[in-house]
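Work through the exercises below with the sequence and the model open. Try each task before reading its solution.

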Amino acid sequence: MLPTTASKGRGAARAAPPLFGPYLRRIVKWQQMDIEYTFWQMVHLCTSPKVVYQHTKYHKQTKNQWARDDPAFVVILIIFLVFATSAYCSAYGESASHAALTITSVVFFHFLFAGIVLATVCWFLTNSYLREEPNSHVVEQRVEWLYAFDVHCNSFFPAFVILYVLQYFLSPLLVAHGFFPALLSNLLFMLAISYYHYLNFLGYDVLPFLDRTTFFLYPIGLVIILSPLMILIGFNPTRYFLSLYFG
């Protein structure tokens, strides 16, 4: 069972809002999902991500929780993943059974399983090491697990646009041999991974009870160091991943 909130004591546990029950029930109720607001968030995550997290503060004030209570973002992102992966399968795949396996792998492993793992790691790190010590006059606050998963989903979407959509249209160029395709492929991956970690930072930096959230920017430095090395040795991540999935 996944954690919902981290709290000490029975009283604190009772005060925690029941996040997962209503969230999961709304997955099968399209009429209760705010589709228009979800698309607004997706657009602004790519253009003005700070605006999205400013709205997160309003959500906390009105709903008394940081996490979304609407699963529309996850549902729509999964639908996008299915369509994008299907496009890759139609272009590079061999059979319908292989396409079904690839789509299942991308949705359940790359997005959901990896997202659950990353959200759990960030949830643990923030609650264990990055929280400010509250004084006696302030109510202790902790990062909700579902909010950590929201942050992952927010960060994943622009990476999806770059590595699933943009890369698809550029793939005839990117899969070619040579220095320029390797350079362009590495730049795409560097941009996608760096932007993912930047949005991860914004998601936790907006929480007023966390400190030292610049920790989430450190992986960007590693990406910037490794990318030139990958270019110099001629490593092409697009060719690598397409060959991994499609031979």
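**Exercise 1.** Is C46 buried, partly exposed or exposed?

Solution. This is a predicted model, in which local features need pLDDT of at least 70, side-chain atom pairs count only at pLDDT 80 or more, and totals for chains, interfaces and linings use all residues. Residues are numbered from 1 along each chain as its sequence is written, and side-chain values use heavy atoms, with hydrogens and water left out. Step one is the scale: buried means under 20% relative accessible area, exposed over 50%, and partly exposed in between (1.4 Å probe, protein chains only). Step two is the value: C46 has a relative accessible area of 35%, so C46 is partly exposed.

**Exercise 2.** Classify C89 in the same way, then state what share of the protein chain is buried.

Solution. C89 has 9%, so C89 is buried. Of the 247 residues in the protein chain, 42% are buried.

**Exercise 3.** How many disulfides does the structure hold?

Solution. A disulfide is counted when two cysteine sulfur atoms lie within 2.5 Å. The structure holds 0 of them.

**Exercise 4.** How many helices and strands does the protein chain have?

Solution. Helices (H or I, at least four residues) and strands (E, at least two) are DSSP runs, numbered from the N terminus. The protein chain has 10 helices and 0 strands.

**Exercise 5.** Which helix gives the largest share of the nonpolar patch?

Solution. The answer is α9, with 5 residues. L229 lies in α9 and is partly exposed, at 44%.
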